[in-house]
Amino acid sequence: MATKKPAPRAKRAPSKPRSVVLVATRKGAWIYHGDAARKTWRADGPHFLGHIISHMMLDPRDGRTLLAAAKTGHLGPTVFRSTDLGRSWKEASRPPAFAKAPTGQTGRTVDHTFWLTPAHANEPNVWYAGTSPQGLFRSEDGGVTWEPFSTINDDPKYREWMGTVQDGTPDGPKLHSIIIDPRDPAHLYFAMSGGGVHESLDKGRTWAPLVDGLEVVGGFDATNIAFHDPHCIRMSPANPDRLYQQNHCGIYRLDRPSKTWVRVGKAMPKKVGDIGLPMAVHPRDDDTAWVFPMDGTDVWPRTSPDGIPGTFVTRNGGKTWKRQAAGMPATDAWWTVKRQALATDAADPIGVYFGTTSGELWGSRDEGEKWRLIAQHLPEIYAVEAGELR
Amino acid sequence: MKVLIPTPLRSYTKKKREVEAAGATLSALLADLDRQYPGIRFRMVDEQDQVRRHMRVFLNGEQVFDLARPLKPTDEIAIVQALSGG
């Protein structure tokens, strides 16, 4: 399906990078264009009104191409691609789909594509996708056709670790946090909720779990990979040997070549705890990272703890955490931030952005010290990404 | 034969609510539809060849799930979005 937006766009200066924030929601997608100071934002949208957009990504390799993972309540999942910043979209001719099961066996079906990751800078047009239920896919033609990784999707051990739909998150088990080492396109990571963290050193031909040090819910066996529930993993762009993770059971850091995660979330205030969904990392400082805690007590309300929202930042690799909530509601804000909905740009000072389950887009131009509402009354926000157009 | 297209799929058929497609079976008919309107089949039939949960196919008013169901040129097919979701 190809879609056209009716209104022509104003011409823009071609050379200077311009900030954009991509917002994927339960009812469509929006592109927010920032001015040079990132002070005012122009909304472009909705794109795909009524479609469930799980993720929208700008290709940093060209600063122009967008991919969007879409489905609707009734139609099957697909991926759309735009090479003109969303003026027109073209559907993938072969969206992510599992292999057809042999006769007599029950096969899996992709419910939705959840995560999109552009591949290594030296692999133009290569993308990775993670799906719900858990599946890993790769495209070598810019997102037009997608091939499954049988080493994950059909491997008996991985299938066991993925569990069943009943073991997954409330809106389906997911493969997410696909990360490519910028020094080596064959070095990959991904995570599954549930099903743990995994690493490949040979471009996905073989994989191994990477869960040492991670805790699991009380009463479950941490040696069983199926019980591990990473929510979001980020690699430090400044130091690809450092990974941060927001897990179902705390905040962690991993410094390679170590294979043991360290729970740095224990330094969070006890009243807030270290449960949450998203994680963001400073693009130039490997000691700086952000989380957005949520209430993970009792029945897991998945709201801001006590209705008081705030990001927390560490400037020392997780030894200490500082609350950053200036500009946010001081009380009675019962929303939270999903695992793909906290992002940073690469400006100086960097901008930090998050989208809420209540449809608000927030931004900070000073690394989280002060927050400002960029947009409100959007549908539930699933993902926020920041980038620079070229 | 005549195929009625529901509103969520009309972005594929250039807004047409009724199109012509051919096939000796329902599977062949859907393949012909996908040839004419690329991508439409996967939105309504999954990779295991099952009609998706919220989609329905009617053959001359009778609901059918079997993609191997034989068709005649005079048959009429209606693709319908299920009345689910409130």
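Chain A has two helices and 29 strands in its secondary structure. Bear in mind that this is a predicted model.

Now the overall dimensions. Along the principal axes, the C-alpha atoms of chain A fill a box of roughly 55 × 50 × 40 Å. Chain A counts 390 residues, and for that number a compact globule would have a radius of gyration near 21 Å; the value for chain A is 20 Å, so the two agree. Of those 390 residues, 51% are buried. Turning to contacts in chain A with a separation of 6 or more, 51% of them join residues 24 or more positions apart.

The largest nonpolar core is made of 97 residues. Which residues have the most contacts inside it? They are A:Val23, A:Ile53, A:Ala68, A:Leu361 and A:Val384. Take A:Leu361 as an example. Leaving aside residues up to four places away in sequence, A:Leu361 touches, among others, A:Val21, A:Val23, A:Tyr32, A:Tyr353, A:Ile374 and A:Val384. There is also a second, separate core, with 24 residues, including B:Tyr12, B:Tyr37, B:Val57 and B:Ile77.

On to the sheets; I will go through two of them. One is an open sheet of four strands in chain A, in the order β4-β3-β2-β29, with antiparallel pairing. At its edges stand β4 (41-47) and β29 (381-389) of chain A; each has a single partner strand, so one side of each has no neighbour in the sheet. Neighbouring strands here are turned against each other by 20 degrees on average, direction ignored. Within this sheet, strand β3 of chain A, residues 28-34, pairs with β4(A) in the antiparallel sense over five bridges. A:Ile31 has A:Asp44 in β4(A) as its bridge partner.

The other is an open sheet of four strands, also in chain A, ordered β21-β22-β23-β24 and antiparallel in its pairing. From one strand to the next, the twist averages 30 degrees. Four bridges join β21(A) to strand β22 of chain A, residues 289-293, in the antiparallel sense. A:Ala280 stands opposite A:Trp290 in β22(A).

Last, the interface. How many residues of chain A are in contact with chain B? There are 17, and they meet 17 residues of chain B. On the chain A side, the classes are six nonpolar, nine polar and two charged residues.

Methods. Residues numbered from 1 in each chain as written. Chains lettered and ligands numbered in written order. Predicted model: local features only at pLDDT ≥ 70, side-chain atom pairs only at ≥ 80, totals over all residues. Core = buried A, V, L, I, M, F, W, Y, C linked by C-beta atoms within 7 Å. Buried ≥ 20, exposed ≤ 12 C-beta atoms within 10 Å, placed from the backbone. Contact = placed C-beta atoms within 7 Å. Rg over C-alpha atoms; globule rule 2.2 N^0.38 Å. Nonpolar A, V, L, I, M, F, W, Y, C, P; charged D, E, K, R; others polar. Pairing = 2+ DSSP bridges. Axes fitted to C-alpha atoms, helices over the stretch in contact; angles between N-to-C directions.
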